[in-house]
Amino acid sequence: LKPPRRFAWQPQLAARAALSSASFMYRTELGATGTATTVARALTAHEVASQLAFFLSDSPPDDMLRAAADSGALDAIDEVQRQVDRLLAQASVQDSVEKTLLAAWGIGNVFGVAKDPGLFPQYTQGLQASMFRETASFVHDLLFTKQAPVAELMTISRLRDRAEQGR
């Protein structure tokens, strides 16, 4: 027996409602229980682990971060800093941070810029790719090799010449 056609849309509507609900679309951090609802709440150790992992690596907490949360070590700011340093030392996390910053700053837009080839014959797809790679390399070098703060990326006034960089 087939259900009447008038009910055929209901499973789609239910799925749409579930998939568009805030609790499905966003990770919610509720904080420790017993705190007042009108003030900021301190996150639990597991919520701190989740925030660190998703912010830095776009993935759930790894085993070491989960273990730190399980033990309650993430309640101490020194341990949070140690975990941040540990995560930032990983190539996959560095890649994630770099990609996030390049996307946030719209660096990939260089590929969508069209210029008149008669006026700018050197502005080719190869040059666009080179510009993107050079910017990504600069961001990576400044943040992860020189360990400069992100604020330095925002305030730098000029890029050094390749010869000056020793490349």
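Among contacts (heavy atoms within 4.5 Å) in this chain between residues at least 6 apart in sequence, 42% join residues at least 24 apart. The model is a predicted one, where local features need pLDDT of at least 70 and side-chain atom pairs count only at pLDDT 80 or more, while totals for chains, interfaces and linings use all residues. Residues are numbered from 1 along each chain as its sequence is written, and side-chain values use heavy atoms, with hydrogens and water left out.

**The chain as a whole**
- You will find nine helices and zero strands here; helices (H or I, at least four residues) and strands (E, at least two) are DSSP runs, numbered from the N terminus.
- Following the sequence, the pattern reads α-α-α-α-α-α-α-α-α.
- The chain has 167 residues, and 23% of them are buried; buried means under 20% relative accessible area, exposed over 50%, and partly exposed in between, using a 1.4 Å probe and protein chains only.
- About 12,100 Å² of accessible surface belongs to the chain, and carbon and sulfur atoms hold 59% of that; such areas come from the Shrake-Rupley method with a 1.4 Å probe, and for residues only the protein chains shown count as cover.

**A look at helix α7**
- Helix α7 covers residues 125–145, and its 21 residues should span 30 Å at 1.5 Å a residue, which agrees with the 29 Å between its end C-alpha atoms; the expected span is 1.5 Å times one less than the number of residues.
- Its buried residues are Q128, A136, V139, D141, L142, L143 and F144, and their cover includes α5 (77–88), α6 (91–104) and α8 (150–155).
- A129 also sits in helix α7, but A129 is partly exposed because its relative accessible area is 21%.
- Although A129 and F111 are 18 residues apart along the chain, 7.5 Å separates their C-alpha atoms.
- Just after α7, Q147 has a positive phi of about 55°.

**The largest pocket**
- This pocket has a volume of about 430 Å³. On a 1 Å grid over the protein atoms alone, a pocket is an open set of points where a 1.4 Å probe fits, with protein on both sides within 12 Å along at least five of seven lines. Grid points are joined across faces, edges and corners, and a volume is the space filled by probe spheres set on the points.
- Two or more lining residues come from each of α3 (45–57), α5, α6 and α7.

Technical notes: 1 Å grid on protein atoms, 1.4 Å probe; cavity = no way out; pocket = protein on both sides within 12 Å on 5 of 7 lines; lining within 4 Å.
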